[in-house]
Amino acid sequence: STHCISSAASDVYKRQEDLQVTLFNVLGQQVMSSNSKSINISNLDQGTYILRAKDSNNTINNFKIIKR
């Protein structure tokens, strides 16, 4: 299973494994894509985002992120 760990600042999300990650806004527009183990969302506007994580087995998990 996939786990996302948020920092206290809520601007950096770290993952425990290598994943292909895509971040979408509520309109379904892609706002970020990354293959690194951390995602910095400090430059994004406040709001709700959907993080789609795809692992090496092509399993996709979605997470809701609320940026305040």
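Which two strands form a hairpin with four residues between them, and which glycine in the turn has a positive phi? Good morning, colleagues. I shall answer with the predicted model shown above. Strand 3 and strand 4 form the hairpin, and the residue with the positive phi, of about 85 degrees, is glycine 28.

The protein has an average pLDDT of 80, and 76% of its residues score at least 70. Among the elements, strand 4 has the highest mean pLDDT, at 94. The lowest mean, 51, belongs to strand 1, residues 4-6.

Let us now look at the hairpin itself. Strand 3 covers residues 20-25 and strand 4 covers residues 30-34, with leucine 27 in the loop between them. The two strands run antiparallel and are joined by four bridges. Across this pairing, leucine 23 stands opposite methionine 32 of strand 4.

In soluble globular proteins, nonpolar side chains tend to be buried together. A further point concerns threonine 48, which is 21 residues from leucine 27 along the chain; their C-alpha atoms are separated by 10.0 Å.

What is the order of its four strands? The order is 4-3-6-7, in an open sheet with antiparallel pairing. Strand 4 and strand 7, the latter spanning residues 60-67, stand at the edges. Each has a single partner strand, so one side of each is left without a neighbour in the sheet. From one strand to the next, the twist averages 20 degrees.

Within this order, strand 3 also pairs with strand 6, in the antiparallel sense and over six bridges. Here asparagine 25 stands opposite tyrosine 49 in strand 6.

How many residues make up the largest nonpolar core? There are 11, among them Leu23, Met32 and Tyr49. Strand 3 and strand 6 are the elements that give two or more residues to this core. Strand 6, residues 47-54, gives the most, with three residues.

Thank you for your attention.

How values were computed: Residues are numbered from 1 along each chain as its sequence is written. Side-chain values use heavy atoms; hydrogens and water are left out. A nonpolar core is a set of buried Ala, Val, Leu, Ile, Met, Phe, Trp, Tyr and Cys residues joined through side-chain atoms within 4.5 Å. Buried means under 20% relative accessible area, exposed over 50%, partly exposed in between (1.4 Å probe, protein chains only). Two strands pair if DSSP finds at least two bridges between them. pLDDT is the predictor's confidence in each residue, from 0 to 100. Axes are lines fitted to C-alpha atoms, for helices over the stretch in contact, and angles run from 0 to 180 degrees between N-to-C directions.
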